[in-house]
Amino acid sequence: MSDIQRFDVNEEWAHSGMIKAGDFCFLNYCVGNIGGTIEEQVNGALDEMERRLALVGLTLENVVQMDCLFRDVWNIPVMEKVIKQRFNGKYPVRKSIQTEFAHIGGEGGLLFQADAVAYCGK
């Protein structure tokens, strides 16, 4: 268990924002710019993902898998545009899911969330 590290622990929500375990980092609930446009929120989520990855010296290029949650899955093309701009051609595998977020932002609030796995081995 000593090779498991937890980062961004939130006691109120009873979760960790990122866990480094062995050669992988697991990130959840990456959100940002809540209340903004879908493009602003996708960028905000990736900004948050970058911030957490930087805690262990990684970048978006280390991300190997993403789960992308949308309020409206028809916004996938917006996310794809942002990923093309931000991942420098090092695209992760991903799946997209439509969901009703349980978040205080309501219908006009949270539109996008990303969870990810990053490779952090040598």
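Buried stands for under 20% relative accessible area, exposed for over 50%, and partly exposed for what lies in between (1.4 Å probe, protein chains only). Strands (E, at least two residues) and helices (H or I, at least four) are DSSP runs, numbered from the N terminus.

A word on the ground rules: this is a predicted model, where local features need pLDDT of at least 70 and side-chain atom pairs count only at pLDDT 80 or more, while totals for chains, interfaces and linings use all residues. Numbering starts from 1 along each chain as its sequence is written, and side-chain values use heavy atoms, with hydrogens and water left out.

## Who β4 pairs with

On one count, β4 and β6 pair in the antiparallel sense over 7 bridges; two strands pair if DSSP finds at least two bridges between them. Cys68 has Ala114 as its bridge partner in β6. β4 also pairs with β5 (residues 93-98), this time in the parallel sense over 6 bridges, and there the bridge partner of Phe70 is Gln98.

To get from β4 to β5 the chain goes through α2, making a right-handed β-α-β crossover. Right-handed means that, with the strands pointing away from the viewer, the path from the first strand over the helix to the second runs clockwise.

Met79, Val82, Ile83 and Arg86 are the buried residues of α2. Looking down the helix axis, they fall within an arc of 105 degrees, so they line one face of α2; the arc is taken from the directions from the helix axis to the C-beta atoms. These buried residues pack against α1, β4, β5 and β6. Over on the other side of α2, Pro77 and Lys84 are exposed. Just after the helix, Asn88 takes a positive phi of about 50 degrees.

## The nonpolar core

The largest nonpolar core has 27 residues, and Leu27, Met49, Leu53, Val63, Met66 and Phe112 touch the most other members. Such a core is a set of buried Ala, Val, Leu, Ile, Met, Phe, Trp, Tyr and Cys residues joined through side-chain atoms within 4.5 Å.

Methods:
Contact = heavy atoms within 4.5 Å.
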